[in-house]
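Q: Please take a close look at one part of this model, the surroundings of its ligand.

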Amino acid sequence: MLWLKALHLIFMVTWFAGLFYLPRLFVYHAMSDDAISNERFKVMERKLYFGIMTPGMVATWVFGVWMLADYAWAAYASSGWLHAKLALLVLLVVYHGYCGVWLLAFKHDRNRHSHVFYRWMNEVPVFFLLGIVILAVVKPF
Ligand code: HEM
């Protein structure tokens with residue numbers, strides 16, 4: 001059980017590393033205007049999204065659902081924090097999906113957003129991290 005939790009947290013950190021870094025790359029990509037930088041950012045974004053972030057997300061879900069099936073659903077099914085956490089996780093997957101949409105726009109040279117937009121988007125995962133960790137650890141309700 002503790003092994004599942006350890007692996008869950010390791011992959012959660014992997015996922016969040018990407019959730020924080022990818023919009024940062026979009027900021028710099030949106031500010032760049034030469035072909036060499038454009039192609040280099042495309043490679044970095046693709047490798048981060050498909051090589052690190054998405055496997056991190058899938059593995060976090062696998063170990064989280066595994067813990068639910070193993071003991072946690074039986075223990076916490078009636079606890080509000082678990083339902084609130086799962087609701088935030090669904091929204092976080094939507095945000096992850098939007099990152100993929102922005103990545104494809106850059107890939108096809110169709111990005112329409114400014115670097116300021118991506119700077120704001122870069123703050124979004126902060127709120128998810130605060131909310132989800134507090135719900136999971138403090139279990140306030
Ligand atoms: C992706 C879907 C996820 C599922 C299904 C899930 C489910 C779970 C479950 C069942 C536990 C064990 C609860 C316990 O024994 O107290 C757990 C622990 C934990 N989860 Fe998740 N989780 C997910 C994602 C995340 C994410 C994204 C974060 C961080 C942002 C996170 C942070 C934590 C933490 C910190 C713990 C340890 C709580 C403790 O032992 O005090 N989880 N998770």
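Which helix gives the most to the shell around the ligand, and with how many residues?

A: In this predicted model, the helix that gives the most to the shell around the ligand is H2, with nine residues. The setting is a protein chain with five helices and zero strands, whose elements run α-α-α-α-α from the N terminus on, and whose C-alpha atoms fill a box of roughly 55 × 25 × 20 Å along the principal axes. Within this chain, the ligand sits in the largest pocket, and 23 residues surround the ligand.

The closest residues to the ligand are Lys5, His8, Tyr71, Lys85 and Lys139, and several of them can be described at the level of atoms. For tyrosine 71, an N or O atom of the side chain is 2.5 Å from an oxygen atom of the ligand, while lysine 139 places a polar side-chain atom 2.7 Å from an oxygen atom of the ligand. Lysine 85, in turn, has a polar side-chain atom 2.6 Å from a nitrogen atom of the ligand.

Lys85 also takes part in the metal site, where the protein donors of the iron atom of the ligand are His8, through NE2, and Lys85, through NZ, lying 1.9 to 2.1 Å from the iron atom. The site of this iron atom has six donor atoms, and with angles of 86 to 179° among them it is octahedral. Because histidine 8 lies in helix H1 and lysine 85 in helix H3, the pair ties together parts of the chain that are 77 residues apart in sequence. For comparison, the ideal angles for six octahedral donors at a metal are 90 or 180 degrees.

Definitions and conventions: Residues numbered from 1 in each chain as written. Predicted model: local features only at pLDDT ≥ 70, side-chain atom pairs only at ≥ 80, totals over all residues. Heavy atoms only, no water. Near = heavy atom within 4 Å. Polar contact = N/O pair within 3.5 Å; in protein donor to acceptor, adjacent residues only side chain to side chain. 1 Å grid on protein atoms, 1.4 Å probe; cavity = no way out; pocket = protein on both sides within 12 Å on 5 of 7 lines; lining within 4 Å. Sits in = over half its atoms within 2 Å of the grid points. Helix = DSSP H or I, 4+ residues; strand = E, 2+ residues; numbered from the N terminus. Donors = N, O, S within 2.8 Å, 3.2 Å for Na, K, Ca; no water. Tetrahedral: all angles 85-135°; square planar, octahedral: opposite > 155°, others 65-115°.
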